[in-house]
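Thanks for coming. I will talk through one structure, then take questions.

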Amino acid sequence: MSTFVTLIGYPVSHSLSPAMHNAAFDSIGLDWRYKAVPVEPGRLVDAVNRVRQPDCAGANVTVPHKQAVVPLLDGLTPVAEAIGAVNTVFKRDGKLIGHNTDAAGLLADLYAHDVALAHRTVLIIGAGGAARAVVAACAGVGARLRVAARRREQAESLRNLADVEVFDLTPLGVMQASDGCALIVNATPIGMTPNINRSPWLAGTLFPLDAFAYDLVYNPPDTLFTQQARAAGLRAATGLGMLVEQGALAFELWTGQSAPRDRMRQAAEMELMVVNF
Ligand code: NAP
């Protein structure tokens with residue numbers, strides 16, 4: 001009986017995770033496979049029950065199931081409980097535990113880019129599941145938080161996580177919200193392939209000086225948002241580093257072994273080229 005890890009999401013066909021994790025399993029000589037399984041919303045219970053079988057070591061969970069999966073699990077880590085969303089399921093003593101590695105994945109990548117956050121102001125654009133992880137991560141290291149979203153009530157719901165100032169996603173709102181910011185995070189899918197000519201940064205809005213622009217979108221490898229930011233003299237990065245780190249942390253929970261991060265990044269970059277070919 002061979003062991004597998006599964007990705008539960010819908011759709012999953014463009015995920016980089018199978019390539020990244022299968023390369024990691026091979027690299028440490030582990031005879032495991034990572035399978036992306038498209039799970040329509042009505043089939044989530046069946047998919048979680050499949051994870052309970054002994055040949056499954058755990059799962060990643062992605063859109064649209066990150067919040068819906070919570071009541072189907074046996075427990076949550078404090079991080080997943082605080083964020084209210086799960087991207088990783090692992091087993092402990094036969095129980096399914098939900099965790100969230102997005103927040104730690106983001107912090108690790110910001111650290112790698114030398115972005116300091118304590119007592120600095122962060123603007124997050126968007127207020128969905130990933131924004132919740134960004135808020136938890138940045139609040140946890142002492143940043144002041146601002147959120148600009150098209151649905152004000154969705155942005156206000158982030159206040160159950162941290163003290164958040166809410167702004168409208170309009171040129172005026174974003175200009176006010178970004179004033180003095182050290183970090184601007186795109187936590188929307190705007191600009192993602194195939195819509196590569198779109199950006200969450202509205203035309204005519206000036207970037208603050210000396211900020212870092214971070215786009216959670218990693219396909220395309222360079223987004224219009226990061227290009228706009230660099231053209232304005234800012235440093236910028238897309239979210240591939242976060243993807244690799246959140247995957248590495250999940251890998252370590254499933255296998256109990258140190259993740260081969262360089263190999264995972266190489267495999268993710270290669271797959272990104274393949275899916276865009
Ligand atoms: P989500 O839960 O669907 O939330 C998306 C957010 O963006 C919502 O606030 C949504 O507003 C807003 N939005 C979507 N389209 C918009 C538009 N045209 N104009 C203004 N706002 C818009 O998705 P998510 O899970 O947070 O993911 C967001 C992005 O982060 C995705 O591209 C995902 O791939 C990426 N991500 C990357 C990583 C990584 O490791 N790099 C990890 C997690 C997520 P409404 O609710 O009003 O639609």
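Three elements each put at least two residues into the lining of the largest pocket: strand 3, which runs 56–61, helix 5 and helix 9. Helix 9 gives the most, with three residues. Please keep in mind that this is a predicted model.

How big is the largest pocket in volume? The figure is about 1600 Å³. Its lining is made of 45 residues, and the closest to the centre of the pocket are T62, V63, P189, M192 and Y218. By class, that lining divides into 22 nonpolar, 19 polar and four charged residues.

Now the ligand. Where does the ligand sit? It sits in the largest pocket. There are 24 residues around the ligand, and G129, A130, R150, R151 and Q154 come nearest. That shell has 13 nonpolar residues, six polar ones and five charged ones. Two helices each supply at least two residues of the shell, namely helix 5, spanning 129–140, and helix 9, spanning 240–255. Helix 5 and helix 9 are also among the elements that each supply at least two residues of the pocket lining.

On to individual atom pairs. R150, one of the residues that come nearest to the ligand, has a polar side-chain atom 2.8 Å from a ligand oxygen. With A127, the pair uses the backbone: a polar backbone atom of A127 is 3.0 Å from an oxygen atom of the ligand. G239 also uses a polar backbone atom, and that one is 3.0 Å from a nitrogen atom of the ligand. As for cover, the ligand on its own has 920 Å² of accessible area, and the protein covers 78% of it.

Last topic, the backbone. As a reminder, most peptide bonds are trans, and most residues other than glycine have a negative phi. V63 has come up already, among the residues closest to the centre of the largest pocket. P64 itself lies in the loop between strand 3 and strand 4, the latter covering 75–76.

There is also a cis peptide bond between Y10 and P11, where omega is about 5 degrees. P11 is in the loop that connects strand 1, residues 3–9, with helix 1, residues 17–27.

Then there is D93, which is not a glycine but has a positive phi, near 55 degrees. D93 is found in the loop between strand 5, at 88–92, and strand 6, at 95–99.

That is what I have for today.

Definitions and conventions: Residues are numbered from 1 along each chain as its sequence is written. This is a predicted model: local features need pLDDT of at least 70, side-chain atom pairs count only at pLDDT 80 or more; totals for chains, interfaces and linings use all residues. Side-chain values use heavy atoms; hydrogens and water are left out. A residue is near a molecule or strand if one of its heavy atoms lies within 4 Å of it. A polar contact is a pair of N or O atoms within 3.5 Å; within protein, one must be able to donate a hydrogen and the other to accept it, and residues adjacent in sequence count only if both atoms are side-chain atoms. Accessible areas come from the Shrake-Rupley method with a 1.4 Å probe; for residues, only the protein chains shown count as cover. On a 1 Å grid over the protein atoms alone, a cavity is a set of points where a 1.4 Å probe fits but cannot get out, and a pocket is an open set with protein on both sides within 12 Å along at least five of seven lines; lining residues have an atom within 4 Å of a point. A molecule sits in a cavity or pocket if more than half of its atoms lie within 2 Å of its grid points. Helices (H or I, at least four residues) and strands (E, at least two) are DSSP runs, numbered from the N terminus. Ala, Val, Leu, Ile, Met, Phe, Trp, Tyr, Cys and Pro count as nonpolar, Asp, Glu, Lys and Arg as charged, and the others, Gly among them, as polar. Grid points are joined across faces, edges and corners, and a volume is the space filled by probe spheres set on the points.
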